[in-house]
Amino acid sequence: MDRIAAHLSTLEPVAQHRPWPRYQVDADAWTAIGERLGEGGDLMGLWGDAGHVHLALRAADLPGPAVVTVAVKYGGFPSIGRHHPAAIRLERAVRDLYGYTPIGAPDRRPWLDHGAWGVRAPLGAAEASGRRDSADYDFLPVHGEGLHEIPVGPVHAGIIEPGHFRFTANGETVARLEQRLGYVHKGIDGLLTDVALAQAQKVVARVSGDATVASSFAFARAVEAARGFEAPPRAQMLRGVMAELERIANHLGDIGAICNDAAFALIHAHCGILRERVLAAADAAFGHRLMMDLIVPGGVTRDVAADGVRAITDALEAVEPAFAEIVRVYDDTPSLQDRTCATGIVRPDLAARWAAGGHVGRASGRGFDARRDLAYPPYRGVALDVPVLSAGDVNARVWVRIREVRTSLRLVKDWLSSLADGPVQAAVPVVREPREGMAVVEAFRGDLLVWLRIAETGRIARCHVRDASAFQWPLLEAAIEGNIVADFPLCNKSFNCSYSGHDL
Amino acid sequence: MRTLLLRSLFAAPVTIGAPDPARAIIEELGFTLAARARRLFGRSLTIREVDAGSCNGCELEIHALNNAVYDVERFGIKFVASPRHADVLLVTGPVTHNMKVALERTYAATPDPKWVVAVGDCASGCGVFEGSYAVVGAVDNVVPVDLHIRGCPPRPIELLQGLIALLDQATGRVPSG
């Protein structure tokens, strides 16, 4: 029997946590579960709450995801990271934000706290603290003959989000990459503590702008789970349309950008045009190019415009044949394949251990897709092609995107041709008790988790968003090892992790 | 065969887009902008983009300025990799405390005369992140701002309009001739 399930089977879940159970566990069970993660279960998230630390997971013989919670004692909690490295950065973030020490943690350096806030543990004790030089950070030492360091960032050369990469190279070959993130930390966990629902949904929509639809989708579903209601059928389908348009637009942008970094600007130019067509159609149909703030608890804020279905259908009909040609050019160009094949390999065992979602996981043999595996509406009962490749290189991540674009095009067309009639929004029912809800949706980069607690007043007492990037960033460090420095942009683009979604 | 394929790829979006009124506006705006940029900067205006805490929504739309539909480069406006080559800093995001020093240094590294454009509601007034311990706030709390382009995020066309407004302001500032 799987030991995670064994630890939970004797426990009674806490009341009013939906749709999956949450268990309050003691330190021993917490540690035992941590020891099993990576092989016997997937870590889905780890975040702080007043006096507690929560951990979301999946395990082979649990019927669905679950949350386990440990109480903070004497300012600390047993480190999961000492057994399961994917938890290390999350624990460093909990310590920076709440001041709770992960006891026994292998890495005690701060992560999000660069010494610039003027306050220590802002969501915990919140003591005033002197500012320190943010450059004062101990990168892990790398020893060896002929090694040199290349520091890059936080301000990068392109129109990109900020972050710092410290390369240790031997000639042109990368011996090690260490990331330092947190530059765009905006205090989102704090802004999502004791806040009106309407304000919370605006903040959640801006966790990572490129995944705004998916974030709002997950938030809405978490509120709906907590309050025990569903959006009307037409709203469900429109949500699906928006989510897939977001996926198509982002994948088109990524495929183009990857080829651009392999010196093939032609594909980039064409993908840019196609992406633009999709965004213009979204604007015509829903009034916002990125479809921000449209998905809310209970449904969507506006119905598709009168000529919106036509605008989207026309755009997709233009995209489909052009995209097929782009794919053919990609597939027929050896000089391009020469750059993308066998570059930036993520080993399947690492993808599995880190429970990496999206194209990073699926290009390395991990076949999880929340749309299929957690089948939420409107994906319930929809046959979904989940591409799973095993090469784990840049090329495989491109191909996962290509196949997903094809699937998304079909899904959007299917929904638009069979849109249910009726309202697009249901009122959030009043429930006179605190409730907790959780949702996982498949964003374009992978599974995105939202957990929240709603007070009886309807205010959001606490909400946490975990972007897919959290478990993908560390794998980029592994992917670049042994590659040449010049291939880093290519590898980085093939991941396209969110800085903002990670830093929160 | 290859040439044929590529040509057909190239042709499709252009022909479909022809009656689009937005395209006419883009060109009109762009050429006005080009005339002013030429007078001030001798045919070119170079922009360095700095994300000082954005959610990346603004970056997506700034990126779009470079695609074949908006193609700002045909008007002499170009994004550069180094602040040392820039006339304009295009800054997004509520400035986070963790990015404040980097923004100040980027500003210091940009040669005079220089202009700062705050792009988006966050850069203009902190947006939904107001009140957080982790953000300094609007860009003008950190470096002097010449122009705000609001929107969440502003559309690419609005970014182009904003750049014109900037040049109007700059014309008033820089002695002509």
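# Briefing on a two-chain predicted model

In helix H3 of chain B, the buried residues are Gly57(B), Cys58(B), Glu59(B), Leu60(B), Glu61(B), Ile62(B), His63(B) and Ala64(B). Eight of the eight residues of H3(B) are therefore buried, so this helix is largely enclosed by the rest of the structure.

- Chain A, with 504 residues, contains 17 helices and 18 strands, and 56% of its residues count as buried.
- A compact globule with 504 residues would have a radius of gyration near 23 Å, and the 22 Å of chain A agrees with this.
- Taken along the principal axes, the C-alpha atoms of chain A fill a box of roughly 65 × 60 × 50 Å.
- When contacts in chain A between residues at least 6 apart in sequence are considered, 67% of them join residues at least 24 apart.
- Chain B has six helices and seven strands, which run from the N terminus on in the order α-α-β-α-β-β-β-α-β-α-β-β-α.
- Of the 177 residues in chain B, 50% are buried, and residues 24 or more positions apart account for 80% of the contacts in this chain that have a separation of 6 or more.

**Where chain B touches chain A**

- The contact between the chains involves 44 residues of chain B and 44 residues of chain A.
- On the side of chain B that touches chain A, at least two residues each come from helix H1 (2-17), strand E1 (45-51), helix H3 (57-64) and helix H4 (97-109).
- Sorted by class, this side of chain B has 26 nonpolar, 13 polar and five charged residues.

**A helix pair in chain A**

- Helix H6 (residues 212-227) and helix H7 (residues 233-261) of chain A have axes that come within 8 Å and cross at roughly 145°, and the crossing of H6(A) and H7(A) is left-handed.
- H6(A) makes this contact through Val213(A), Ala214(A) and Phe217(A), while H7(A) contributes Arg239(A), Met242(A), Ala243(A) and Glu246(A).
- The residues of the contact of H6(A) with H7(A) divide into five nonpolar and two charged, with no polar residue.

**An open sheet in chain A**

- Three strands of chain A form an open sheet in the order E10-E11-E12, with antiparallel pairing.
- Strand E10 (147-152) and strand E12 (173-180) of chain A are the edge strands, each of which pairs on one side only, and the twist averages 20° from one strand to the next.
- E10(A) and strand E11 (residues 164-170) of chain A run antiparallel and are joined by six bridges, with Ile150(A) standing opposite Phe167(A) in E11(A).

**Pairings of strand E5 in chain A**

- Strand E2 (residues 22-24) of chain A runs parallel to strand E5 (residues 66-71) of chain A, and three bridges join the two; here Arg22(A) stands opposite Val67(A) in E5(A).
- Strand E4 (residues 52-59) of chain A pairs with E5(A) in the antiparallel sense over six bridges, and Val53(A) stands opposite Val70(A) in E5(A).
- E4(A) and E5(A) form a hairpin, with six residues lying between the two strands.

Terms used. Residues are numbered from 1 along each chain as its sequence is written. Chains are lettered from A and ligands numbered from 1 in the order in which they are written. This is a predicted model: local features need pLDDT of at least 70, side-chain atom pairs count only at pLDDT 80 or more; totals for chains, interfaces and linings use all residues. Axes are lines fitted to C-alpha atoms, for helices over the stretch in contact, and angles run from 0 to 180 degrees between N-to-C directions. Helices (H or I, at least four residues) and strands (E, at least two) are DSSP runs, numbered from the N terminus. A crossing is left-handed if the near helix is turned anticlockwise from the far one by less than a right angle, and right-handed if clockwise. Two residues are in contact if their C-beta atoms, placed from the backbone, lie within 7 Å. Ala, Val, Leu, Ile, Met, Phe, Trp, Tyr, Cys and Pro count as nonpolar, Asp, Glu, Lys and Arg as charged, and the others, Gly among them, as polar. Two strands pair if DSSP finds at least two bridges between them. A residue is buried if 20 or more other C-beta atoms lie within 10 Å of its own, exposed if 12 or fewer, and partly exposed in between; C-beta atoms are placed from the backbone. The radius of gyration is taken over C-alpha atoms; the globule rule is 2.2 Å times the number of residues to the power 0.38.
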